[in-house]
Amino acid sequence: MDWQIYYRSIKGEMIRTLKNLVQLESPTTNKKAVDICSEAVVKEISNLGLKIKKMPQKETGDFYLIEFIPRVKTEDKPILLLGHTDTVWPVGTLKKMPFYIEGAW
């Protein structure tokens with residue numbers, strides 16, 4: 001497979017997804033906003049055949065454990081990806097610093 005051709009073919013979809021996630025402002029101290037953003041990420045990846053476990057939190061955004069369980073047994077070592085969906089910016093920051101793309105990619 002030519003990965004450059006593939007990624008060029010879905011460039012618009014990737015930009016739309018990124019823009020949608022960025023526009024879900026999610027300051028760390030705003031549990032509701034962080035949960036909305038996390039749920040949007042989970043929705044985006046929910047069709048990938050992953051095992052998704054939600055761990056509700058009372059004061060902070062909910063946690064998710066997302067696992068890829070290979071269908072075929074492999075000797076490959078596991079990989080850990082760790083991420084977060086909260087930001088340091090307060091709600092309303094996008095009015096002053098909107099999402100944009102500059103240059104070609």
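A contact means heavy atoms within 4.5 Å. In this chain, residues 24 or more positions apart account for 51% of the contacts with a separation of 6 or more.

The model is predicted: local features need pLDDT of at least 70, side-chain atom pairs count only at pLDDT 80 or more, and totals for chains, interfaces and linings use all residues. Residues are numbered from 1 along each chain as its sequence is written, and side-chain values use heavy atoms, leaving out hydrogens and water.

**Fold.** The chain has four helices and two strands. Their order from the N terminus is α-α-α-β-β-α. Helices (H or I, at least four residues) and strands (E, at least two) are DSSP runs, numbered from the N terminus. The C-alpha trace spans about 45 × 40 × 20 Å along its principal axes. Of the 105 residues, 11% count as buried (under 20% relative accessible area; exposed is over 50%, partly exposed in between; 1.4 Å probe, protein chains only).

**Aromatic pairs.** The whole structure holds three aromatic pairs. Rings of Phe, Tyr and Trp (its six-membered ring) pair if their centres lie within 6.5 Å; planes under 30 degrees apart count as stacked, over 60 as edge-to-face and the rest as tilted. Two of the pairs are tabulated.

| Pair | Centre distance | Plane angle | Class |
|---|---|---|---|
| W3 and Y6 | 5.9 Å | 90° | edge-to-face |
| Y6 and Y7 | 5.1 Å | 70° | edge-to-face |

W3 and Y6 sit three residues apart in helix α1 (residues 3-9), about one turn of the helix. Ring pairs link W3, Y6 and Y7 into a cluster. Y6 is partly exposed, at 33% relative accessible area. Y7 is also partly exposed, at 40%.
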